[in-house]
Amino acid sequence: MSPVDPKDARIAELEAQLAERDERIAQLMALVRALTQRVAELEQRLAQNSSNSSRPPSSDVPGSARAGKKPTGKRPGGQPGHKKHERALLPPEAVQHFVELVPKQCKSCRRRLVSRDAEPQRHQVMEVPPLSAIITEYRSHALECSACGTVTRQPVPAHARSAFGDRLGALASLLVGKYRLSKRLVKDALSDMLGVELSVGSVVNLEEEMAKALAPAVLQASQYVQAADTVHADETGWVEGREDGRGKRAWLWMAATARVALFHIAKSRGGKVARALLGEDFTGFLVSDRWSGYAWHDAGLRQVCWAHLTRDFQGFIDRSGKGGRLGKKLMRQRNLFFTWYHRVRDGTLSRHEFEKRMPEVEREVGRLLRRAALRAEKKTAGMAREILQWEKCLWTFVDVPGLEPTNNFGERCLRHAVMYRKTSFGTQGPQGSRFVERILTAVTSLKLQRRGVLTFLTDTLHAHRHGLPTPSLLPIADTPPLANAA
């Protein structure tokens, strides 16, 4: 056997080292590609804001410029010539005290002045009287029968067995449901303002009683929403209870008409909850985002929110590339038809002319989205394909006068609940959730109808305690007459 040439051995050794280094280089290049992609994803997330994603405006960095908003150079606040919003003077019959300020002598020559000014300048000062609770004491007497010796005590009436009256119970619920105070702050507020001493547990008990009292009105509101011609729907995250030290995921759903808003807390974000909220037989127009939980509803009766689409198109632009160029064209079409839509709303463009112009915009938007789905970068292309799945739902508002192209109304109705969640961190269980969804339904619906919340809650608790029909949350014109409360 011939000896191995040292040169061949060295060549083999070098080739092995080269192969090992090539393999290592390939591994490192794969790692570089993965890290580069990860950095790009993180940079995209870092660039997200309320104008190009579903993030709320409150998450934007303080002082950050809004996309599409150019500085005007004007100082903050009211501008010269703007319409003033002044507090109107109350009529004389609503005033309890008058102080007549009559000059006694001329400020120039000191001569004595007589008579009165026929139209004096009026200035009103509002004040509240010292606040204190009205205490009613029920004295339950026990009397012995002279014939049989039985002692009979007259019981406290059922409606007065709570230590807290109707208006006080309503006020506690109002401070939670409208003014978003914690239970402990409600306790402190009632103590500071009214001198009423109660425990946090008493606040919880009053909430549970109010939840039961509101149940009939909320059921009636639910039936009203399910029979409506147009409903705006939305949902947001919630927390109900805790498990292993962490909050258990839940969802707060909302369905609103122009004058009634209905809230519901559920453990699921699925379509079954939306069906139950809107009703299996719901045949009205539904304005919402593109969440799949609403996919069961007839696409011909749905309007997808163009505010969400605007953020998506801005995302196309911010990610640049081919998708960015297509995003700019999509945004131009969006701005064009919104200009027309606002003119229709303002009465400077006829509805007929608007409907005549829109088909060209619809075709161009569809064409641009299909180009983005085929040629744009991965994330932009995926988003374009997702939007195209709902293409039929983009233009329902064009054919239905009065139907809004955005779900801004629904999001405005939901905003109060979102702020409540941020300060309350959700609810501890189903009982707390029932109170929250019902008090939010009452507060939001009454705000839409410009009705007083405290009066409604007081009347509701009064009716519940006396076994009377409770007031309705339906608009006054749609409310059947109720028996007068005793």
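1. Ile 439 counts as buried, because its relative accessibility is 0% and the cut-off for buried is under 20%. The model is a predicted one. Ile 439 sits in helix 12, which covers residues 430-449.

2. What does Ile 439 touch, once its neighbours within four places in sequence are set aside? The contacts are Ser 173, Gly 177, Leu 214 and Leu 457. Take Ser 173 from that list. Ile 439 and Ser 173 are 266 residues apart in sequence, yet their C-alpha atoms are 7.6 Å apart in space.

3. Domain 1 is given as 161-227 + 429-466, and domain 2 as 306-405. Between the C-alpha centres of domain 1 and domain 2 the distance is 43 Å.

4. Contacts across the whole chain come next. Of the contacts in the protein chain with a separation of 6 or more, 61% join residues 24 or more positions apart. Secondary structure amounts to 13 helices and seven strands.

5. On overall dimensions, the protein chain has a radius of gyration of 33 Å, whereas a compact globule of 486 residues would have one near 23 Å. The C-alpha trace spans about 135 × 85 × 55 Å along its principal axes.

6. How much of the chain is buried? Buried residues are 36% of the 486 residues. The protein chain exposes about 31,500 Å², and 54% of that comes from carbon and sulfur atoms.

7. The protein chain carries 76 positive and 52 negative side chains. The centres of these two sets lie 6 Å apart.

8. Most residues other than glycine have a negative phi. Ser 320 is not a glycine, and its phi is positive, at about 60°. Ser 320 falls in the loop between helix 6 (306-319) and helix 7 (321-346).

9. Phe 425 has a positive phi, near 60°, and is a residue other than glycine. Where does Phe 425 lie? Phe 425 is in the loop between helix 11 (408-424) and helix 12. Phe 425 counts as exposed, because its relative accessible area is 64% and exposed means over 50%.

Notes: Residues are numbered from 1 along each chain as its sequence is written. This is a predicted model: local features need pLDDT of at least 70, side-chain atom pairs count only at pLDDT 80 or more; totals for chains, interfaces and linings use all residues. Side-chain values use heavy atoms; hydrogens and water are left out. Helices (H or I, at least four residues) and strands (E, at least two) are DSSP runs, numbered from the N terminus. The radius of gyration is taken over C-alpha atoms; the globule rule is 2.2 Å times the number of residues to the power 0.38. Buried means under 20% relative accessible area, exposed over 50%, partly exposed in between (1.4 Å probe, protein chains only). Contact means heavy atoms within 4.5 Å. Accessible areas come from the Shrake-Rupley method with a 1.4 Å probe; for residues, only the protein chains shown count as cover. Lys and Arg count as positive and Asp and Glu as negative; His and the chain ends are not counted. The place of a charge is taken as NZ of Lys, CZ of Arg, CG of Asp or CD of Glu. Domain bounds come from an automatic or database domain assignment.
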